[in-house]
Amino acid sequence: MPSPIGSDVPASPKSEKVEETTSDDSDDDYYEQLELFNQEMRKGGGFEIDFSKFRNCFNWQSLDLDDSTMADEPETNRDLITMLSSRALAKHNDENGTSLELGKILRANFHPSAGITYYISFEVNDPSDGNQTKPYQAVVFHHFAGNVRVRSCNPKPPSS
């Protein structure tokens, strides 16, 4: 780093070191991570992200269902996700004339967005099909004020 004009003081080695570590390499790493993350999103739609692949998860996280970090009224995160999944499934049943029943909660990912958007994977039981278990996914927005909006609830697409 050059010294100020008219100064005889040489640049500090520390400031030169800082410049070296803030090169375009960090930008390249960021964009490489972003591209990998986008590929993972396209592959699983936000439901099945392998977070171990990333140093930067761009504010996305996997939710520990047995913790109580995100839950206030329900006692655990699993209780919260069960409540949100039930609402999503109720909306799905109303819109599609089905009577699917909520089964096991499998996993949930989330990211902040003026609240929290949850990407939930769960199983349903279908009484109209011999009570067969089927995989489902829902995207549910939970506003900090308590409002819940179901964005989608659908069967899990077949793996490609």
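Student: In what order do the elements of the chain run from the N terminus on?

Tutor: This is a predicted model. From the N terminus on, the order is α-α-β-α-β-β-β-β. That comes to three helices and five strands.

Student: How do strands of a sheet pair?

Tutor: They pair through backbone hydrogen bonds, either parallel or antiparallel. Here the five strands form an open sheet with antiparallel pairing. Their order in the sheet is β1-β2-β3-β4-β5.

Student: Which are the edge strands?

Tutor: β1 (61–62) and β5 (148–155). Each of them pairs on one side only.

Student: How many bridges join strand β2 to strand β3?

Tutor: Nine. Strand β2 covers residues 101–112, strand β3 residues 116–126, and the two run antiparallel.

Student: Which strands does helix α3 touch?

Tutor: Helix α3, residues 77–96, packs on the sheet and touches β2, β3, β4 (132–142) and β5. The direction of α3 makes about 110° with that of β2.

Student: What share of the residues in the chain is buried?

Tutor: Buried residues make up 31% of the 160. The accessible surface of the chain is about 10,200 Å², and carbon and sulfur atoms hold 49% of that. Turn to contacts with a separation of 6 or more: 40% of them link residues 24 or more positions apart.

Student: Where does pLDDT stay under 50?

Tutor: Over residues 1–23. For that stretch the model has eight contacts beyond four places in sequence. The chain as a whole averages a pLDDT of 78, and 71% of the residues score at least 70.

Definitions and conventions: Residues numbered from 1 in each chain as written. Predicted model: local features only at pLDDT ≥ 70, side-chain atom pairs only at ≥ 80, totals over all residues. Heavy atoms only, no water. pLDDT = per-residue confidence, 0-100. Contact = heavy atoms within 4.5 Å. Helix = DSSP H or I, 4+ residues; strand = E, 2+ residues; numbered from the N terminus. Buried < 20%, exposed > 50% of the residue type's maximum accessible area, 1.4 Å probe, protein only. Areas by Shrake-Rupley, 256 points an atom, 1.4 Å probe, with all protein chains shown as cover. Pairing = 2+ DSSP bridges. Axes fitted to C-alpha atoms, helices over the stretch in contact; angles between N-to-C directions.
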